[in-house]
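The sequence and coordinates come next.

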Amino acid sequence: MQDDTGLTPSEKEIEAALGGLRPARASLNRDQIMFDAGRTSARRLNRIWQGISGCLGIVLLVSLMYRPAATGVETASNAVASNVGNSLPVDAANRLRDSFHRERPDPIADYVRMRRAVLNRGIEALPAASPAPSTYDEPLTREHMGGISSST
Amino acid sequence: MGSIDSQRLAMWYEAYSDALKLYARNWLGSDAAQDAVQGAFMKLMSQTLAPSDVKAWLFRTVRNEAVTRLRREQCRRRHDRQLSAQQSPWFEGQPDDLIDGRKAQEVLMTLPEAQREVVLLRIWGQLSLKQISEVVASPLTTVHSRYKAALAAIKERMQQSCKTTPD
């Protein structure tokens, strides 16, 4: 006992007399304490592994539940339109998509329209002169027909 | 601070277990006090590094364990403690003792709990008053005055019992 300042001699005497008494032995089993300590340590290690596997299980479950839905095959026009739409405002994107569809030539519809006109009004219904078509997609005119017949 | 190995643990156990159990008996019966001390050693073993003041740490942990157990078993406390006090003495009787162990136990039981705690920590726990003030979380001056008051009360009651006891 280090700092016993301020005690009177009689108090010190009492202190010494009490200090002579030995506390009853603690009947703790040291082996039991060691065994419990080992068991606690092993349990803690098990808990770490259980925690890790539990976390992985949860991650797997979440990834299965929230898997992204499969998307269909994109056509070229949709892809272009959607790509343009992603980077422009909505109305500008719609306008661009409409003009894209409008400007695309439809040769079958053109042919049917022209055939119907020729049947009704004769060869006069063919469009006015223009340079020779560079591709088969462009409609035939009267001059083209005349040129073709004179060459044969 | 250092790591806790089995040799150091055995040393601490040999040195402090009896005093710790006596300290725990301030609140608990014999068996519960033993469990509290065992719990304190278990907590010590679960530490990665040994506390800087192992002795004070052990007494503080036993105190916390004892108070927790006390709250849990509040209803049975008095009955258990009285029964346990009768069944198992706090001190080992030695022929050369200046004071009878049972008498000392009786006198200690008459003290207020806070005073008794300081006496147990000081005399049998061999803690300094500064360490005691840390364990019980009270100012040093309070601890000092409690200790002096407890010693005065013990002296007075011992003298009274000597006068009343026929030789």
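**Entry 1: a pair across the chains**

I began with B:Arg122 and A:Glu15, whose side chains form a salt bridge at 3.7 Å, N to O. My rule for a salt bridge is a side-chain nitrogen of Lys or Arg within 4 Å of a carboxyl oxygen of Asp or Glu. I noted the background too: side chains of opposite charge can pair when their charged atoms come close.

Before going on I wrote down the conventions: the model is predicted, local features need pLDDT of at least 70, side-chain atom pairs count only at pLDDT 80 or more, and totals for chains, interfaces and linings use all residues. Residues are numbered from 1 along each chain as its sequence is written, chains are lettered from A and ligands numbered from 1 in the order in which they are written, and side-chain values use heavy atoms, with hydrogens and water left out.

**Entry 2: the interface in totals**

How many salt bridges are there between chain A and chain B? I found three. For polar contacts I got seven residue pairs between chain A and chain B, both residues at pLDDT 80 or more. A polar contact here is a pair of N or O atoms within 3.5 Å; within protein, one must be able to donate a hydrogen and the other to accept it, and residues adjacent in sequence count only if both atoms are side-chain atoms.

Next I asked which elements of chain A supply at least two residues each to the side that touches chain B. They are helix H1 (9–19), strand E1 (22–23) and helix H2 (30–65). H2(A) gives the largest share, eight residues. By type, that side of chain A has 13 nonpolar, 10 polar and nine charged residues. I counted Ala, Val, Leu, Ile, Met, Phe, Trp, Tyr, Cys and Pro as nonpolar, Asp, Glu, Lys and Arg as charged, and the others, Gly among them, as polar. Helices (H or I, at least four residues) and strands (E, at least two) are DSSP runs, numbered from the N terminus.

The contact (heavy atoms within 4.5 Å) takes 32 residues from chain A and 41 residues from chain B. The size of an interface is often given as the accessible area lost when the parts come together. Here chain A and chain B bury about 3400 Å² between them, and 60% of that is on carbon and sulfur atoms. The buried area is the accessible area (1.4 Å probe) lost by two parts on being put together, summed over both.

**Entry 3: strands and a loop residue**

E1(A) and strand E1 of chain B (residues 91–92) run antiparallel and are joined by two bridges. Two strands pair if DSSP finds at least two bridges between them. I traced one partner: A:Pro23 is bridged to B:Phe91 in E1(B).

A:Arg25 sits in the loop between E1 and H2 of chain A. Is A:Arg25 buried, exposed or partly exposed? It is partly exposed, at 44% relative accessibility. Buried means under 20% relative accessible area, exposed over 50%, and partly exposed in between (1.4 Å probe, protein chains only). Leaving aside neighbours within four places in sequence, A:Arg25 contacts B:Glu14, B:Asp18, B:Lys21 and B:Glu92.

**Entry 4: other salt bridges**

A:Glu11 is buried, at 10%, whereas B:Lys148 is partly exposed, at 25%.

A:Asp110 is partly exposed at 28%, and A:Arg113 is exposed at 52%.

Within chain B, B:Lys103 and B:Glu106 form a salt bridge, with the closest N and O atoms 3.3 Å apart. I also noted a salt-bridge network that links B:Lys43, B:Glu65 and B:Arg69.

**Entry 5: chain A overall**

Chain A has six helices and one strand. Of its 152 residues, 16% count as buried.
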